[in-house]
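Subject: Structure for your review

Dear colleague,

Please find below the structure that I am handing over to you. I would be grateful if you kept it open while reading the notes that follow.

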Amino acid sequence: MTVRVAPDVPLDRSDGLHVVTLGTAAGPAIRSECPGIATAVVVDGRFYLVDFGLGVTRAAHAAGLRGENLRACFVTHLHSDHVAEIPAYLLWNWGSPVRGFTGPVPIIGPGPADPAAGAVGTAGLVRHVLSAYSYDIDVRIVDEGRPSLYDLVRTEEIRLPASAAGADGEHTPPMDPFPVYEDESVRVSAILVEHPPIFPAFAFRFDTAHGSVVLSGDTTESANTAVLAAGADLLVHEAVNLDYYRAQDFGPEFLNHQEISHTTPAGVGRVAARAGAGAVVLSHLAGIATDEQWSAGVRAEYDGPVTVARPGSVYAVSSAPALAASPVTA
């Protein structure tokens, strides 16, 4: 069961599994008032952050999520609209003066597509961020008694399994999910999805004692996403309104990217139906459409509940057959 709720207790004191759609907009163009893509998975008051879109720092604070309860971060891929706010998030959520994290926090994401050519992956990105802000970090370590941020942030680049042999920015082979993180509250699995020309690009699945959630990341309609989402209680999937872009004065390269790298609402419905997902939430919305336009295409292919995410929406997730939805103020 998945219910969109207005929590009656703060998320940091809540029991169970909750998903917070902190930001719902695709980027990097700003086409709406919505913050950029970022999602929090909250398990018994502790949370896991997926992607760092524009506005995530304020959105997480507004949702009541404080860095002191952060357990791990995940990056689906290295497009700027998914990583641009890593600097602000770390600097605004580190150390006891801001109720930030004071113990190690892993940031888990893609490695470089071509290390031999000097390409930078998640580790290089974070290393450069910490170096760029070293003056501020060093001052606050001494002046405010904060622990060393350099020692707390632990980047882990995802190593591809043998089943991913032959994958590149244009082709993603069928494969099984593989583990990337586990603690006492959650087990996280990943799978490669197809988002050409970006590589690697991942979807993530969070399995908990309360239920399971899958976040698609950016992807075209992908059989791998359906494999990862098999039997999941909630599938949070990206969507694109191709008609919106076709009606604008965009060049052929840009239109081609939207068509081959993202998923139409009908495509989301097919993925959800193939997976047997319990419910669908549409997020990372590329283009402009009404909620009915977004959801109609999904419902044409999938007979389960469909919701269009709003920034700050909170979903309570549990392993049960029924779903209800109600408005949320967050």
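In this predicted model, strand E12 (residues 234-240) pairs with strand E13 (residues 280-286) in the parallel sense, and the pairing extends over 5 bridges. Within this pair, Val236 stands opposite Val281 in E13.

Both strands belong to an open sheet of 7 strands, whose order is E8-E9-E10-E11-E12-E13-E14 and whose pairing is mixed. Strand E8 (178-182) and strand E14 (306-308) form the edges of this sheet; each has a single partner strand, so one side of each is left without a neighbour in the sheet. From one strand to the next, the twist averages 25°. As you look along the strands, please keep one general point in mind: in a regular strand, the side chains alternate between the two faces of the sheet.

Which helix lies across E12 and E13? It is H10, which runs at about 155° to E12.

Two packed helices are described by the angle between their axes and the distance between the axes. For helix H10 (residues 265-275) and helix H11 (residues 291-299), the angle is about 40° and the axes are 6 Å apart. The two helices are therefore oblique to each other, and H10 passes H11 in a right-handed crossing. Where do they meet? On the H10 side the residues are Pro265, Ala266, Val268 and Gly269, and on the H11 side they are Trp294, Gly297 and Val298.

Strand E4 (residues 46-50) and E5 pair in the parallel sense over 4 bridges, with Tyr48 opposite Ala72 in E5. Together with helix H1 (residues 56-62), E4 and E5 make a right-handed β-α-β unit. E5 also pairs in the parallel sense with strand E6 (residues 105-109), in this case over 2 bridges. There, Cys73 stands opposite Ile107 in E6.

Why is strand E5 (residues 70-74) described as largely enclosed by the rest of the structure? The reason is that 4 of its 5 residues are buried, where buried means under 20% relative accessible area.

Yours sincerely,
A colleague

Methods
Residues numbered from 1 in each chain as written. Predicted model: local features only at pLDDT ≥ 70, side-chain atom pairs only at ≥ 80, totals over all residues. Heavy atoms only, no water. Buried < 20%, exposed > 50% of the residue type's maximum accessible area, 1.4 Å probe, protein only. Pairing = 2+ DSSP bridges. Right-handed = clockwise from strand over helix to strand, strands pointing away. Axes fitted to C-alpha atoms, helices over the stretch in contact; angles between N-to-C directions. Parallel < 35°, antiparallel > 145°, perpendicular 65-115°, else oblique. Left-handed = near helix turned anticlockwise from the far one by under 90°. Contact = heavy atoms within 4.5 Å.
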